[in-house]
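Here's a quick briefing to read with the model open beside you. Take it one topic at a time and look up each residue as you go.

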Amino acid sequence: MNAPLWARLALRVCDAEFRRRHGAELLDTVAQMRAEPRYEGPAGALRHFAETGGDLVRLAVRQRSAALTGVARSGFDAFAAGLRDPRSAVEGVVHDTWLAARALRRRKAYALTVAATLALGLGAHLTIFSIAHALLGTPLPGADGERLVAVGLQSSASPAPSALSAPDVRDLAAAAPFESVVAAAADTLPLRAPGRESTVAAVTIVSPGYFEGLRVRMRAGRGLSGHDDGFDALVLSDAGWERHFHRDPAAIGAVVRLAGRDFTVLGITDPAFPGTVGPVELDGYVSLAAYERAVPTARDWVLDRDARNLRTIARLREGIGIEQAQAAIAPLSARMDAERRPASRGQRLVLHPEPMARLEPAAPVFLPPVAAVFLALVGLLVLVAIANVAGLALARVLDRRRELAVRLALGAGRLRLLRPLVLECVLLGLVGGGLGLGLAWLATTWLGELRLASDLPISFRLRPDARVFAVGLALSVAAGLLAGALPGLAVLRTGAAGALRERGGSVLRGRARAALVVAQVAVSAALLVAGALLLQSLEHFRGMDLGFARDHRALANVNVRLRGLDPQRGAAFFDAWLERAKALPGVTRASYASFVPIGLNNDVRAARAEGALAGRGTAAWTNAVAEDYLAAMGIPLRAGREFAPTDDAGAPRVAIVNESLARELWPGQEALGRRLVLDGEAEPFTVVGVAADSTYNLPGETQRWCAYLPLRQNYRAERHLVAVTAGPPEPLLPELRRLAAELDPEMPVTDLRTMEAHVQGGKAAFLFRIAGALTGSFGAIGFALAAVGLYGALAYAVGQRVPELAVRLALGATARQLATAVVRDGLVLCTLGLLFGLPLAFGLARALENLLVGVAATDVATYGLVALLLAAGAALAAGLPALRASRVDPAVSLRAE
């Protein structure tokens with residue numbers, strides 16, 4: 001009977017003496033197993049190799065490197081016994097697991113310390129992994145979600161992709177690499193369910209075939225199809241069903257009033273479907289054709305190739321990758337770009353995996369590097385936690401070194417001695433991993449409940465899913481194996497005689513333990529510095545000068561397109577609302593803007609001086625504003641004038657630029673009277689004013705280029721009213737809503753809040769809170785791990801030095817001197833950790849410099865405070881071992897030796 005080829009090759013690796021003694025028996029045993037019915041066929045052969053091959057390969061390597069024939073023979077005997085009776089090996093593992101659990105019950109303090117250490121490290125890693133997985137790696141539910149790609153437009157002025165226009169989507173639908181192409185855009189529309197008051201609903205406008213192309217599962221009813229374009233139909237999301245119908249089954253077939261028209265509810269989507277337009281918690285879906293009927297002014301951007309509003313997703317054909325599809329659509333991309341207005345050319349189609357662009361089209365550019373930084377940081381924490389546990393396990397194993405040495409001398413196999421030690425750490429790893437998953441669930445729940453200052457319901461869906469649980473399980477087992485195997489091998493490799501002779505010494509003589517503590521202090525120092533700088537930035541942000549005033553100012557948002565008003569009627573509504581707002585008691589000034597600084601939306605376009613080469617524009621924040629806007633916002637005018645009522649559609653096109661844009665486009669020259677060209681605009685603008693720089697997107701932004709356009713020449717259906725009050729602005733908010741209702745009872749007014757509330761609840765403060773909370777938490781975890789590691793190293797060193805300490809006491813040393821020596825060892829390790837950690841902290845702070853406000857990345861006070869905190873923690877961690885050292889009884893200790 002022939003043994004498999006892999007078994008014969010493995011036997012060739014073994015030494016000659018082993019092959020002579022056991023080769024025939026080994027091959028015969030493997031061949032007999034291969035002949036069993038359960039190993040028949042190719043699948044059986046693979047199963048046979050999976051169950052036996054790894055053990056045989058390890059045995060071969062061990063025999064080649066073994067120095068003693070007795071060790072080799074015992075290893076073969078155990079291997080052959082396991083082959084003949086696999087149940088005995090399983091029973092041995094079960095028995096050792098039970099023994100390990102019983103041993104841990106007797107050492108509760110050790111077990112709790114190890115489990116808590118792993119829980120902190122794994123919890124931090126799983127928290128960041130959950131966030132990164134939710135934002136970058138979770139495919140849409142449905143069949144073959146991995147074949148979905150996001151399609152964006154990338155301009156020469158900015159690497160960040162943007163959305164597509166409706167004509168772009170129609171052209172792309174015929175592209176060869178794609179099985180289907182769908183698109184969606186979000187809007188807010190007034191919705192009134194039967195028997196309920198009118199509310200503002202977040203609605204997704206979808207292209208034909210959206211539900212079929214994405215294979216959206218339905219909770220009830222059906223989705224929209226191409227045959228539904230002829231009538232007004234609405235599909236509710238699960239959240240919209242809850243908000244507007246309180247989960248009433250009668251919602252299917254109900255008629256709701258949406259944007260002034262009757263829509264019939266066709267179905268309800270599955271709760272697992274998140275939509276494709278970012279973190280907005282949607283209320284429902286309508287077709288593009290129905291949206292055009294409900295909002296007639298939408299027809300402009302539906303037909304305009306330069307109106308990029310649609311987030312587009314394509315399904316790749318079977319067997320086609322992203323790179324192949326990218327190359328295939330290059331000619332189409334060039335043809336589409338040639339059909340744009342000259343000022344808008346220089347765009348090309350780019351493809352990214354769908355999950356990466358779900359948050360927003362530009363996310364594939366900025367989100368992966370941020371996720372990589374945080375994953376690297378928490379990866380360091382996990383390694384530090386594993387090393388910390390390895391140190392604790394090493395101390396526990398070394399306490400038993402004489403017992404293990406005696407058992408080795410009596411002939412016990414090394415693997416047999418090592419297995420219970422590793423199983424203890426694996427059990428604790430599973431417990432720590434379970435606790436870490438719980439911490440990750442709590443952290444992501446808290447982060448998911450943070451809200452931006454917006455009327456739109458935003459949900460990030462960050463909670464761990466099955467993949468996160470699988471990663472947690474794998475990390476838990478791996479952490480236990482590493483933490484248990486390394487110290488066990490370190491002891492067992494010394495042999496019986498070496499283990500019996502080994503004595504401990506100063507903690508500084510244990511290079512591995514010392515390096516562990518130094519690494520822990522270094523990582524925790526870097527994280528604590530970063531967290532402290534970000535938290536200080538949040539405090540500075542709350543009172544910093546943003547370049548515009550935020551006290552005594554009220555905000556309100558209206559989108560007249562939701563009521564179907566054309567530009568003429570929309571402009572009349574805005575003029576009337578503004579005049580009535582100015583007439584309110586206590587209002588000293590009021591104006592309009594299409595965007596408010598530090599808001600969720602913005603308009604960034606390529607700007608260049610007239611005559612400059614196309615494609616070399618500067619990405620400038622563009623805002624269409626009314627007269628008196630700069631004064632209403634408290635933004636100083638450095639030169640020229642503000643817009644006037646005469647800057648209307650019949651007047652020459654004008655613009656105001658900020659100082660940074662003026663210096664960028666016309667360095668060393670006067671900007672007034674110069675001509676400005678903006679991407680997407682057919683005619684240039686004459687600069688009539690220069691405004692002071694202010695904050696537009698995020699505090700601390702390094703590029704503050706901005707151009708203001710007059711609303712009378714650049715009509716916007718959605719505007720933010722800014723009203724300046726002499727007293728507190730809060731009482732003005734309901735008055736602004738009342739004035740809008742007097743002009744149109746069904747006009748929705750959203751984002752009613754003070755400017756201060758807008759700033760403190762906006763995305764800037766949101767980012768500071770999340771970044772500061774995460775980094776500060778990781779720093780605190782690192783600090784705790786460093787303290788535990790330092791305590792474990794010093795406690796072990798003191799335990800090993802008991803005879804030495806007893807001799808020193810017998811020779812006249814005082815208890816205080818011994819305690820001081822132990823504390824000094826701890827402070828030396830902490831100092832070494834700071835020498836490595838503070839430069840690492842500086843590098844991390846420089847990486848986060850764009851998020852720092854009011855505090856420098858080199859803030860000496862922060863670095864000094866962190867160093868003092870870690871030194872105090874090191875002194876406290878060394879306190880208990882020092883106390884133990886001072887209480888050594890020389891007589892008892894020497895008699896025991």
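Predicted model: local features only at pLDDT ≥ 70, side-chain atom pairs only at ≥ 80, totals over all residues.

Residues are numbered from 1 along each chain as its sequence is written, and side-chain values use heavy atoms, with hydrogens and water left out.

**The big picture**

- The protein's secondary structure comes to 29 helices and 21 strands; helices (H or I, at least four residues) and strands (E, at least two) are DSSP runs, numbered from the N terminus.
- Of its 897 residues, 53% count as buried, where buried means under 20% relative accessible area, exposed means over 50%, and partly exposed is in between (1.4 Å probe, protein chains only).
- Take the contacts with a separation of 6 or more: 80% of them are between residues 24 or more positions apart. Contact here means heavy atoms within 4.5 Å.

**Strand β7 and its partners**

- Two strands pair if DSSP finds at least two bridges between them.
- Strand β7 (residues 261-269) runs antiparallel to β4 (residues 218-221), with three bridges joining them; Met218 has Thr269 as its bridge partner in β7.
- Strand β6 (residues 255-258) is also antiparallel to β7, over four bridges, and Leu258 is partnered there with Arg261.
- The hairpin of β6 and β7 has two residues between the strands, and Ala259 takes a positive phi near 55° in it.
- With β5 (residues 233-236), β7 pairs in the parallel sense over four bridges. Val235 has Gly267 as its bridge partner in β7, while Leu234 stands opposite Val265.

**A closer look at β5**

- Which way do the residues of β5 point? Ala233 and Val235 point one way, Leu234 and Leu236 point the other way, and all are buried.

**The cavities**

- How many cavities of 30 Å³ or more does the structure hold? There are eight.
- For a cavity, picture a 1 Å grid over the protein atoms alone: a cavity is a set of points where a 1.4 Å probe fits but cannot get out, and lining residues have an atom within 4 Å of a point.
- The largest cavity has a volume of about 140 Å³; grid points are joined across faces, edges and corners, and a volume is the space filled by probe spheres set on the points.
- Its lining has 18 residues, and the closest to the centre are Ala150, Val151, Thr312, Ala357 and Pro361.
- β1 (148-155), β9 (311-316) and β10 (347-353) are the elements that give two or more residues to this lining.
- Sorted by class, the lining of the largest cavity has ten nonpolar, five polar and three charged residues. Ala, Val, Leu, Ile, Met, Phe, Trp, Tyr, Cys and Pro count as nonpolar, Asp, Glu, Lys and Arg as charged, and the others, Gly among them, as polar.

- Val151 lies in strand β1 and counts as buried because its relative accessibility is 5%.
- The C-alpha atoms of Val151 and Leu351 are separated by 4.9 Å, although the two are 200 residues apart along the chain.
- Gln347 is found in β10, and it counts as buried because its relative accessibility is 5%.
- Leaving aside neighbours within four places in sequence, the contacts of Gln347 include Gln154, Arg308, Asp337 and Asp679.

**The nonpolar cores**

- A nonpolar core is a set of buried Ala, Val, Leu, Ile, Met, Phe, Trp, Tyr and Cys residues joined through side-chain atoms within 4.5 Å.
- The largest one has 53 residues, and those that touch the most other members are Leu135, Leu381, Leu527, Leu774, Phe778, Leu834 and Leu870.
- Helices that each supply at least two residues of this core include α6 (108-137), α19 (511-543) and α25 (763-800), with α19 giving the largest share, 13 residues.
- Apart from this core lies another, of 28 residues, among them Phe574, Leu584, Ala717 and Met747.

Key. 1 Å grid on protein atoms, 1.4 Å probe; cavity = no way out; pocket = protein on both sides within 12 Å on 5 of 7 lines; lining within 4 Å.
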